[in-house]
Amino acid sequence: MARDSTWSRWGTGLVLPLVLLLTWEAIGAMLQSPRTPVPTKIIAAAGVLIASGDLPLAILQSLGRVFGGLMVAVAIALPLGLAMGNSRAVERNVDPVVETFRPIAAIAILPLAILWLGTGTAAAVMIVAYAAFFPLIVNTVAGAKNVHPTLLQAAATMGLSRFTIIRTVVIPAALPSIFVGLRIALAVGWTAIVAAELAVGAKAGGGGSGGIGQMMFIFYAYSIELNRIIVCMIAVGLIALVLDRGLRALMRASMPWVKS
Amino acid sequence: MTATATMTAAASMNANAKLRLTDVTKRFQVRGAPDTVAVDNLTLDVRQGEFLVIVGPSGCGKTTVLNMLAGLDTPSSGTVAIDERVITAPGPDRGVMFQDYALYPWQTVWGNVEFGLRYGPAGNGLDDKARQERVRRTIDLVGLKGAERKYPNQLSGGMRQRTALARLMANEPDVLLMDEPLAALDAQTRIILQDELLRIWGQDRPAAERRTVVFITHAIDEAVFLADRIAVMTTHPGRLKAVIDVPLARPRGDATRALPEFQALTQHIWSLIRDEAYRATVA
């Protein structure tokens, strides 16, 4: 019984997507244009790109840049955010600066990144770091400021020094909030890398070495292979999903006290 | 009534005082309104090894008094002192048990009890083994054996209360400051933990070996059951109305609650704050 209803629910949910895919395929077959991607060709293109190793290599390259940028952002945002959350003076000075830069999109600093760091990995990492910095710092400050006051008072009455209180109370109390910042940072970092690689790494020689964004740029600007561009888009989405799920699993594992 | 309070306070000045509040007034500033006087000109001594309970309706400033003793708050005028030294900041000589227990959710029961010993000065001079032993002993003392690895959100209210008590006791402070620690519990758990609290405090031991306790509650029967002396406070502004000796013999238990003296004292204290309590309910 249960299996039947599960099957029928899945079946019903698949009707519309299947109809859309078939319609898409039919229109594509009628148009016969190289500028019309079609589902069957996309699947074939995915097979080719994965088998040749180009797609996995590009993804690895981009992931490396995202993690590099994320590390830089964490290294700056975490200590700074904790300092802002624990000191009114620091917050009053730093907050206006942060809030002024926050609305400036990561892509808007692309020209600066290229001029300063060239068109390689360094510039891409800088863009990711810039994009990831803001969600991280905003959430770290919020987490550090929202520690329940009696938790801090209890530590003070046990005679702990201010620094020890930050280490043993503020950081663990802010951890759920920091993780939220990290999830958002990972998502915006991954978004930023694709955009950054469209421009950065243009001289890297094509193939997979320029990252997934560069790969898309080549398919767009040189070889005009729309099916392959769609493959890249799907890959970007799937990887973001996997990264987020992984981070959430890490979150649950590292915070066993949080009810999920 | 004011005369009674003054007399009792003056009399207690001669005793050897562990804690001393002298002419303490605490005002809170409220924007766009006259200052609120939370505590008005309060003078009170707490003797070494004494179980003093402050009882009064909500808003009588009893938590403010406790916070000033803890050093979490400072008086607007007057002084608060421990062993004749003026209190200006929190310190490990005065342990506090908070009304919400203030347990660290990311620490297990063991981690919470060990917290002050591990990160604070209470653990100075203790090696790992001695520290573990102290934690072990304290957890057994409050009856939490078997729950060491649980997190606070996996515990019942009574077990959280025991964990907070164990954390307080493990640090072995001179003075125990307790802010309505039993208020959040159901009536039966509450009675059991009143008995436990007296046992852990050491009511079986000679008075000289007991720790000084300042305990806050709004429950009069609880105050009578626990206290050596009861400081009755009234509200708006928070004033000391009377200090009452509780001559009931220790150790106390269920039999104590049935004594006519117990009932009489409870009635007497109720008569002191009844009018005001009614007024507060109607208002």
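Residues are numbered from 1 along each chain as its sequence is written, and chains are lettered from A and ligands numbered from 1 in the order in which they are written. Because the model is predicted, local features need pLDDT of at least 70 and side-chain atom pairs count only at pLDDT 80 or more, while totals for chains, interfaces and linings use all residues. The model scores ipTM 0.87 and pTM 0.83.

**Select chain A.** Chain A has 10 helices and 0 strands; helices (H or I, at least four residues) and strands (E, at least two) are DSSP runs, numbered from the N terminus. Turn the view along the principal axes: the C-alpha trace of chain A spans about 75 × 65 × 30 Å. Its radius of gyration is 23 Å, whereas a compact globule of 260 residues would have one near 18 Å. That radius is taken over C-alpha atoms, and the globule rule is 2.2 Å times the number of residues to the power 0.38. In chain A, 36% of the 260 residues count as buried (20 or more other C-beta atoms, placed from the backbone, within 10 Å of the residue's own).

**Select chain B.** Here there are 9 helices and 10 strands. The C-alpha atoms of chain B fill a box of roughly 55 × 45 × 40 Å along the principal axes. Chain B has a radius of gyration of 19 Å, which agrees with the value near 19 Å for a compact globule of 283 residues. Of those 283 residues, 46% are buried.

The average over chain B is 88, and 94% of the residues score at least 70. Helix H3 (residues 109–119) of chain B has the highest mean, 96, and helix H1 (residues 2–12) of chain B the lowest, 45. Over residues 1–12 of chain B, pLDDT stays under 50. Where pLDDT is low, the predicted coordinates should not be read in detail.

**Select Ile127(A), Val128(A) and Ile230(B).** These touch the most other members of the largest nonpolar core, which has 149 residues. Such a core is a set of buried Ala, Val, Leu, Ile, Met, Phe, Trp, Tyr and Cys residues joined through C-beta atoms within 7 Å. Domain 1 (2–93 + 174–282) and domain 2 (102–173) of chain B both give residues to this core, so it lies between them; the domain bounds come from an automatic or database domain assignment.

**Stay on Val128(A).** Leaving aside neighbours within four places in sequence, its contacts include Arg65(A), Leu70(A) and Ile193(A) (C-beta atoms, placed from the backbone, within 7 Å).

Note on methods: Buried ≥ 20, exposed ≤ 12 C-beta atoms within 10 Å, placed from the backbone. Contact = placed C-beta atoms within 7 Å. pLDDT = per-residue confidence, 0-100.
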